[in-house]
Every structure is written in structure tokens, then in C-alpha cells.
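Let's take a friendly walk through this structure, one stop at a time. Keep the sequence and the 3D view side by side as you read.

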Amino acid sequence: MAATKLGTLEKQYLEESSERKRLYNEVIELKGNIRVFCRCRPLNQAEIANGFASVAEFEPTQENELQILSSDSSKKHFKFDHVFKPEDGQEAVFAQTKPIVTSVLDGYNVCIFAYGQTGTGKTFTMEGTPENRGVNYRTLEELFRCSESKSHLMKFELSVSMLEVYNEKIRDLLVDNSNQPPKKLEVKQSAEGTQEVPGLVEAQVYNTDGVWDLLKKGYAVRSVGSTAANEQSSRSHCLLRVTVKGENLINGQRTRSHLWLVDLAGSERVGKVEVEGERLKESQFINKSLSALGDVIAALASKTSHIPYRNSKLTHMLQNSLGGDCKTLMFVQISPSSADLGETLCSLNFASRVRGIESGPARKQADVSEHLKSKQMAEKLKHEEKETKKLQDNVQSLQLRLTAREHICRGLQDKVVRFN
Ligand SMILES: Nc1ncnc2c1ncn2[C@@H]1O[C@H](COP(=O)(O)OP(=O)(O)OP(=O)(O)O)[C@@H](O)[C@H]1O
Ligand SMILES: [Mg+2]
């Protein structure tokens, strides 16, 4: 009886392993560990009323391309791992995100973040609205669903932390700060060498209802303000951290992994958004930390040995979940409006850089440039060899002339001697 049960379990375990492998390969095959999705929001009422047109064009058959109509009416082409059109809903976005988030159950650290100009839908993508929930809630829902379906083989414990980085300060969004002054949180290195935030609330969650209540509580205390570009602008980076502890019921193996879901504060150029005073200070902190994040991602993508994680609280905190064999997904959020063309091109160029360096074609491009460089060098060398030969000929002819002059000189000296 026990032997049959064990046999069935073993069979299930093997099936499960191969399915997991298949899913894992699906993720890996998706061009390395850094992936970029682009999402374009619809034109809003104000833009329509002001007569701004859409500059974003999508190929109906191509799900990973978009074109931006430039001011000189030329078209700029961009390619990403997936491009979401204005009419694509939260469900479509999550369908593409799902394989990445669920790899946290296999013990991988994952980091997903939404990047882009203020008012382009970062918070909409990650947090969503009660009727139209975003990646955060859907992820937890999916994690519960998956852990349930694997419950005969694996035992999972899920806990959630929520914090914001506001003006380079870390604030716990789940702490009951009714009458106590907020606790100062810092990033510290643990004995195992991982980055931790001691004192951060880690709330265990058991079902989707519990999660929704928790998320609502955190969202409610996040720092938002209003800028000329967005009524409800996020002035902080909001990080939702899901910790997954897994125990394999067959071989007793344990895993602990993190999934970070990051809604960044809006990247905007000071000046355009008419910010001043406190808002200006916030903007400067936001821009500084976003460029630190950009530097980290660029360093990771180009595989340099030094990754500047410590240049900002945000990157320092994400250190264990960015790079290495962690999975990173960036949503580059854009506006379709002609009024935002400059910012849109900036974001898309940054995102292309992130994606391009990592994936195949760009590497090839790097090879092409190497090839070109050596070709140029060879030509230069040839040219220099010619020049050297010319100089050598010159020297030779000068030496001949010198010898001739010396000869004449000696003849003259002989004459002088004879006259005397
Ligand atoms: N894909 C979308 N479909 C419908 N509405 C959207 C979409 N994306 C964004 N919006 C709406 O646009 C407005 C601005 O979006 P959101 O607040 O998410 O921008 P943000 O990028 O988080 O800006 P900030 O950087 O200022 O925080 C919101 O009212 C949001 O509901
Ligand atoms: Mg926001």
C-alpha cells in the first residue's frame, strides 16, 4: 500500500519536474534574464480635447514592434519582447508576465518594475484599480493558484512586505504608525551576504482576500502628490516584496526566494512638469535614483564586473534580485500623445539599450563594430607602413646628398690647403 503510494508520488514528482523544466526553459528562451515589455496607454480626455494626436503606430501582426512618428515625419522603429497597445487590458498584460512571476516558486529571485514618464500608467500596470487590478494582485492570485495545485508535492509559505523609497528614505507601508514616529529603515548585509532591511514588516498571507486588504492598506499610505502632468502622481518608488518559502515534500529540499514588484516614481524632466519647492526636491531624488537604476541595468546588460548597486537605496535593496541568474522584467510605459514625443523617445531609447545589449542581435552588432574597428586598424597600419617607407626613402636620399656635400666640402678643404 505504502509502496504504491510512494510509486504514485514519485511519478507525480517526475511529471512535475519535467513540467517545471519546460516552463523554466520557456522563460530562459525568452532572451536571457532581462526582458522588456512596452505598454502604451490610450490618449486621455485632456489630450483629445487639446487636439493632440497619437504618434504611436502598431503593426497588427507584430506583437513586439512599434513605430513612433517623429516631428520630422520620419518613423522610428522599436522592438521589444512584447508591445501592449492602448486597447490591451490588464489580463493581456498579465498573461505575458505570468511565466516570469511563477518562476519564484521554483526558487528564483525575480524583479519586475515599471519605468516611464509621469502619467504613463506605471501605477495602473502594477497596482491597477479595484475594478481593473494590476500585476501585483494578479501575481499573488496566480502564486496561490500554483501553490495549491502543487500542494501534493510542495509546501509554500507566502509573505508580503511593502515599502516606499521617498527622497532616499525607506518607509514601511505596512507598519501601524498610528502614534509612533516612523522607524528608520536601512539596507544591511546579512551574515549570508544578502541585502536585508531589518525591522521591515513581513506579513504572512494565506489567500487572495487577505492580500487585497493588505495591498489596499499599503497603497493608501504611499506618498502621492499632484504635478501638472498627473493628478495622482507617485512621488516615491513603491516596492512590493513577496517572499516565498518552499519545502519539497519528497526530498525535503527548502528554498527561499524573493519577488519584487516595483512601481517607480515618474521619470520627468524638471522644467517640463512645472515643479518647484518640495516637488522639485522630490524630482531631483527621483531622477538621481532612476539614473542609478539605469546604470545598474546597463552594467548588468553589458556584463561588466562592477555593478554600481550602492549608488541608491533602490538598487542597493534590489541587489540580490537584479543580475546573476535572477529574472528581470521592465515595463517601459509610454504616452501616445504628440505632446510627449521627446519623453517617449527618451524612454524607448533607454529601454532599447537595456534590451539590446543583452539579446542576440545587439551582440552581433557589437561583433560587427569589432570587425569594423580591426578593418580600420589594418588600413591605418597599411597607410602608416607606406608613410614609413616614404620617410625611409627620404632619409636615404638625404644621406646621399649629405655624402655628396661632404665630398664637395672635402674637395674644397683640399683646395684651401693647397692655396696656403
Ligand atoms: N492602459 C491604460 N488604460 C486606461 N487608463 C490608463 C492606462 N494607463 C494609465 N491610465 C490612466 O492614466 C492615468 C495616469 O496613470 P498612472 O497614475 O498609472 O501613471 P504613472 O505612470 O504611475 O504616473 P506617476 O509617475 O506620476 O506616478 C491614470 O488615471 C490611469 O488610470
Ligand atoms: Mg504612479
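G121 sits in the loop between β6 and α4; helices (H or I, at least four residues) and strands (E, at least two) are DSSP runs, numbered from the N terminus. What you are looking at is a predicted model, in which local features need pLDDT of at least 70, side-chain atom pairs count only at pLDDT 80 or more, and totals for chains, interfaces and linings use all residues. Residues are numbered from 1 along each chain as its sequence is written, chains are lettered from A and ligands numbered from 1 in the order in which they are written, and side-chain values use heavy atoms, with hydrogens and water left out.

Is G121 buried or exposed? With a relative accessible area of 17%, G121 is buried, because buried means under 20% relative accessible area, exposed over 50% and partly exposed in between (1.4 Å probe, protein chains only). Along the chain, G121 and Q333 are 212 residues apart, yet their C-alpha atoms are separated by 6.4 Å.

Now look at T120, which is also found in the loop between β6 (110-116) and α4 (122-126). T120 counts as buried, at 1% relative accessibility. Leaving aside neighbours within four places in sequence, T120 is in contact with R41, Q333, I334 and S335, where contact means heavy atoms within 4.5 Å. A polar atom of the T120 side chain lies 2.6 Å from the backbone oxygen of Q117.

T123 counts as partly exposed, at 24% relative accessibility. Not counting residues up to four places away in sequence, T123 touches G128, R222, S234 and D263. What does the UniProt record say about this stretch? Its unreviewed entry has a "binding site" annotation that covers G116, Q117, T118, G119, T120, G121, K122 and T123; positions are given in the numbering used here, feature names are shortened, and annotations may be inferred rather than shown by experiment.

The next stop is S159 in strand β7 (residues 154-166). S159 is buried, with a relative accessible area of 8%. Beyond residues up to four places away in sequence, S159 touches E202, A203, Q204, V205, R241, V242 and T243. With E202, the side chain of S159 makes a polar contact of 3.3 Å. A polar contact is a pair of N or O atoms within 3.5 Å; within protein, one must be able to donate a hydrogen and the other to accept it, and residues adjacent in sequence count only if both atoms are side-chain atoms.

How many salt bridges does the structure hold? There are ten, a salt bridge being a side-chain nitrogen of Lys or Arg within 4 Å of a carboxyl oxygen of Asp or Glu. One of them joins the side chains of K79 and E65 (3.9 Å, N to O). This pair links distant parts of the chain, 14 residues apart, with K79 in strand β4 (residues 75-79) and E65 in strand β3 (residues 65-69). K79 is partly exposed at 46%, and E65 is partly exposed at 22%.

R171 forms a salt bridge with E164, their closest N and O atoms being 2.8 Å apart. Here R171 is partly exposed, with a relative accessible area of 25%, whereas E164 is buried, at 0%.

Finally, the side chains of K313 and E186 meet in a salt bridge (3.9 Å, N to O). K313 lies in helix α8 (residues 313-317) and E186 in the loop between β8 (169-172) and β9 (188-189), so the pair ties together parts that are 127 residues apart in sequence. Salt bridges that share partners join K184, E186 and K313 into one network.
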